[in-house]
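Hi,

Here is the structure I promised to pass on to you. Have a look at it first, and then read my notes below.

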Amino acid sequence: MTSSCRYFTFFLFCCSTLLFLQPGAAVGDTEKRSVMLAYINESPEVSALRDGLSTNLDIDLSIRSNPDAALCTQNSTILAYGADTVSKILEACPNQKLVIISSHYMINVMSHLLSQDSWGYYMDQPLEYQVKHADLNMPTIRTLGILYTNNDSEIDQIKKIQATPHRIGIRAVKVEQGQVAAQIMRELYQTVDAVLITGNSEIWPLQDFKTFLVLGMRQNKIMIGGFNYLYTNRGSISAIHTDFHALGIQIAKDILDGKRDGYSYFDKRLIVTNDLLSARYGIFIGGKPTD
Amino acid sequence: MSRKTITPLHTALVFALLLVLISTKAVADESLERYNPGLTLADVSLPVNPKKAGVAVTVIDKQMIKASGARTIGDILRIVPGVTTGYRFGHSLSIGTQGGAEEFSRRINITVDDRSIFTPTTGSLISFNIVPLEDVERIEVYRGPNQSEFGSNSMLLTIKIFTAYAAERQGTELSFRKGTNGIKDTYVQHGGKIGDLYISGSFNQTNDDGLVHRADDTHKQQVFVRADYQPTLDDQISTNFGAAKSDIDVWVSSNLNSDDHSASDGTWFLSSTWTHMINDSTYFTANLSHTYLERESEYLTAPVSKAVGRLYWDIGYDFHSTTSEFALTKKFDFVEISGGTKYSHDTVTSNSLFKDKDYELDHNTYYTNQIWNLTDTTTLHTGLEAETSSEFEENTFVQSISLVQDVGMRNSFRIGFSKGSRFPLLYEQESGRKAYLIDKRMTPAYDVYNTEKLDPEKMRTYEIAWMYSSLDKTLSSELRYYMNKYDNMVGYTSVPNPGVLSQTGNTVTTAKNFLNTGTVKGIEASIDWRPTSEILLVASGSYTDVDSYIDPTTYNNNIGESSPSTIFAILGQYSFDNDWRVGGMYNRVQGFNWSNGWKLETQHNLDAFVEKCFGGITATKFCTKLAGSNLLGHQSNFRPEAYSPTAYWMEASLTF
C-alpha cells in the first residue's frame, strides 16, 4: 500500500468514526434549537436550503410543507420560504414572528403584515448583479430592457443601474396601470437584445412567461434574471441566484446567534443557466464572477 | 450547554473539510450552475434554431417582414434561399423552388398556426385563407422533405406561419393604405381580455387591379380572430377563426375576348389547439380544425369556331375539410421523441373539375421523429412517416436522418438524407375538367381527363450544410449544397382520347407518373447581419441546376425542365432618430423555368419604403409610410403576357 493510500484510508476511518460518534458525543439532543422550515411547494431551492440548514448540528430541523393553524402554537423558530407561505401562515397566525425568505418586492408588499420582530433574507439578488452578469458573461446582449411600474420597490436599484456605466446599454420602460407587459415587450424586443426579469410580479406573472419567451425567441431575444427555478424553467436563460445551500447554513447560524433583525440580500450567489434553452439557441454564457 | 469534545479526529476532519472548501471556494461563491429544466408550454411554439435543426430552415421574423416592406406573404417568401414566387393572377400566389416550381404548389405544405392549408384533395389553398400579413408574427420555411415532422406534403418546402398571441395584440391598431394600381387597403385590429381569456380580432380589406393585361382585380374582405386561454400553468388552449370573401377575376383567355366573366371565393376556418403538460418532460398537443372553401368562377368565351361555338367555363367547387391531429412529445436525457397522427376527411363537390360530382376522401398520417443527443456537440435526427389514403391502394413511407455537429459555439455542420413522397391530388387522379358548349345544348367538352392510375410521387434529398453564428448573434449565415433525385413525379401529358368529347379532338391531357424524372443540384447561401438594433440586412442566393431526364416531347407540364437558374434577394432596413425607418427588398431571378412550361429570363424587382413614426413604446403611436413596389420596372412573374406594374402607395397607421 502506498503512503497516499494509507493516508486516504486513515482519512476515511476518521470520517466514519466521527460520524459514528457524532450523535451522542458532540451535542446533546436536548440542546438543539428547534427550527421548522415551512413551504408550500417543493423546489430545488427548498432542497438546497434544507441541506444547508441540516449541516448545522445544533439545529433540530423539521419540515412543514403545508403550513396551517397548527403552526401558531409551535415553539420552533419558523422559517417561511416564499411569499405564499408567509401569507398563509400570517392568515392563520397573525403577528407570528417569522424568519422569512421572500423576494425584495414581496417583502415590501407584505411589510404591513409582518411582525416587527420578524427578520430574514431577500430570496432574490440585487438587480445590479443581474446586469453585471449580462454585462460580463453574455456577449449576445448589447442592450438590456428593464420594465418597472410606478412605486416599484426596485426603482432605486433601476435608477442606480441606469446611472452606472456598463458595456451594455440600459433601456428602462415604465409600465402604466392597465398595460399588458406582453404588448410592451413585443415592441421593446425590437430595440433591445434582452429583457431583465425583476421581482415585480405585476409585470412578471409566471403564467405569462410562455408568451414572453416565445415572443422574445421569435426575434432571437432573451430573458434573463429571476430568482428561482420557476423563472429558469419557464424561460430565463441565465440569472444570478442566491446560493440557497449557503443561505441555509447562514440562517442556522443566525438563529443560533439570535442576532438578526431586518431584511437583507444574501452575499453568496450562483450563476444559474437554463441549459435547454442555451443549447437550443447556441447562446454563450460565461462564468465571470460579478463581485 | 454541554462541552464539545475536541479530538485529533475532529481536528483532522475539520482540516480536511477546510481544504475541500478552500479548493472549491472560487467556484462555490459564484459558480456557473448548469440547470437542466423540463419542457414547458412555450416549447410548443418556440422558433426553430437553424443551427440545430435537422433540415435546412429559414426563419422570417417580424422584423424582417417589416423591413421588407412587403404587402403580401408571397413577397416576403422571396428571401428564402432558392425560392421565388410569382403570380399567374394578381391574387393567386405560386411558389417555385428546387426545380419543382409549378402553379399549384402541390409539393409544398403550408400551415397557419396548427392548421394545414394543404389538403390532399386540392393541394395548397394558397391566397384564399391565409391570415393577413399584419397578423403574421413569424414564418419558418423548411427546405427539403420534412414529412416525419410536419406530415403530408412536406416535400419540397414546409411553410409554417405563426400568428401572434392575443396577449401581444392588446389595444387597437388601425392602418390605411392607398396608392396606384387600385391599391386601397384597410386594416383594423383590436385586442382585449375577458377574464383570463385573451382575444384579438382583425378585419382587413384589400383592393388592387392585379396584373396588367389581365382582368384579375381583387377585392377581398377578411376577418381573423385569435383567442388564447391558459386555465392552468400546464394547459394552453388557442382558437383561431377566420373568414374571407373575395371578388376576384381570373380572366386569361386574351385571344377569346368576352366581357362575361366573374369569380369569387368564400372561405372560413375554425381551428383549436390544446396543449397539455403531462409532466416536466412530456406534453401533447391536439388540434381540431375545419376549413370551408367555396369557389365560383365562370366565364364565357367568344366563339372558338363555327363548329364549336362559345365555351362556358364553370370551374368552381365546394370544399370541406375536417382535420384532427394529436402529437406527443417526451424528453429523455439523451433523446427527445415525438410522434403523432393526423386524420383528415375531405368532401368536394364540383360540376366541372372531376369525373364525378361528389367525392369524399379520408387521409391518415402517422409520424415520429427523434433527436438523439449523442454527445454535447453531436445530435442525430431521425424520422419516419407513413400515409394512407382512401383514394389509393398503395401507402407512402418515408424516412429521414441527419447528423448535426457543433464545432465550438459558432459553427455547425449538418449532413442529411431524407425521402419525400406524396399522394397525387384528387384533381390529378380524378380530373375531368370540362367546359360546356353553350351553343350545343351545354354538351361537356373535356380538356383534362385522367386516364391513368397514379402512384405516389417519390424523391430523395442528400444535403450538406455549414451554419455560422457569431457569439453576439449579430451575424449568422448558412451555406448548403443539396441534390434532389426525383424518382417518380406526376406530370401532365397528352394521351389518346378515351372516348369523351375533347376540346383537342383525338387527345386529352392526363396526369401520369414519370419515373426517374430528373436530378436537381443546388447551392444555397444566406447571411443575416444585425450589428445594432437600428440595422438589419438579410441576403440570400442560390444556384440551381435542373437536369430533367424526360423527353420534353412526351409531357405538357409539371415536370422540371433542364436549366440553370440563379436567384438573389436582399432585404434590409435602417432606423434612425428612433422614429425614422427606411427599408426594402431587392430580388433578382434569372433563368427560372416554371414547370408549367413558362420561362422567366431575367427579372429584377425592388420594393422600398420610408416611414416616420411619432410616439413611444407605451404611448399612442402614429406612423406614416411612403412605399413603392416593382420600382425597377414591371415584374413579369412567369407569364410573359401579363405583369405586375410599378405601384406607389401612402400608408398611415395608428396604434393605441
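Which residues are buried in H8(A)? They are Phe209(A), Lys210(A), Thr211(A), Phe212(A), Leu213(A), Val214(A), Leu215(A), Gly216(A) and Met217(A). Buried here means that 20 or more other C-beta atoms lie within 10 Å of the residue's own; exposed means 12 or fewer, partly exposed is in between, and C-beta atoms are placed from the backbone.

Before the rest, please keep in mind that this is a predicted model: local features need pLDDT of at least 70, side-chain atom pairs count only at pLDDT 80 or more, and totals for chains, interfaces and linings use all residues. Residues are numbered from 1 along each chain as its sequence is written, and chains are lettered from A and ligands numbered from 1 in the order in which they are written.

**Chain A and its helix H8**

Chain A has 11 helices and 12 strands; these are DSSP runs numbered from the N terminus, with helices (H or I) of at least four residues and strands (E) of at least two. Of the 291 residues in chain A, 48% are buried. Helix H8 (residues 209–217) of chain A is largely enclosed by the rest of the structure, because nine of its nine residues are buried. Those residues pack against helix H7 (181–188), strand E8 (194–197), strand E9 (222–225) and helix H9 (229–234) of chain A, and also against strand E15 (235–248) of chain B. In the loop between E8 and H8 of chain A you will find Glu202(A), which is partly exposed, with 15 other C-beta atoms within 10 Å.

**Two domains in chain A**

Chain A is divided into domain 1 (28–124 + 242–268) and domain 2 (127–241 + 271–280), with bounds that come from an automatic or database domain assignment. Their centres, taken over C-alpha atoms, are separated by 28 Å. The contact takes 10 residues from domain 1 of chain A and nine residues from domain 2 of chain A, where contact means C-beta atoms, placed from the backbone, within 7 Å. On the domain 1 side, helix H2 (44–54) and helix H4 (104–109) of chain A are the elements that give two or more residues. H4(A) gives the most to that side, with three residues.

**Strands in chain B**

Chain B holds an open sheet of five strands in the order E2-E9-E10-E5-E6, with mixed pairing. Strand E2 (56–61) and strand E6 (115–116) of chain B stand at the edges with a single partner strand each, so one side of each is left without a neighbour in the sheet. E2(B) pairs with strand E9 (residues 136–143) of chain B in the antiparallel sense over six bridges; strands count as paired if DSSP finds at least two bridges between them. Asp61(B) stands opposite Arg138(B) in E9(B).

Further along, strand E23 (residues 392–407) and strand E24 (residues 411–422) of chain B run antiparallel and are joined by eight bridges. Ile401(B) has Phe417(B) in E24(B) as its bridge partner. Their hairpin has three residues between the strands, and Gly408(B) takes a positive phi near 70° there. E24(B) is also joined by 12 bridges to strand E27 (residues 457–469) of chain B, again antiparallel, and Ser421(B) stands opposite Lys458(B) in E27(B).

Enjoy exploring!

Best wishes

How values were computed
Contact = placed C-beta atoms within 7 Å.
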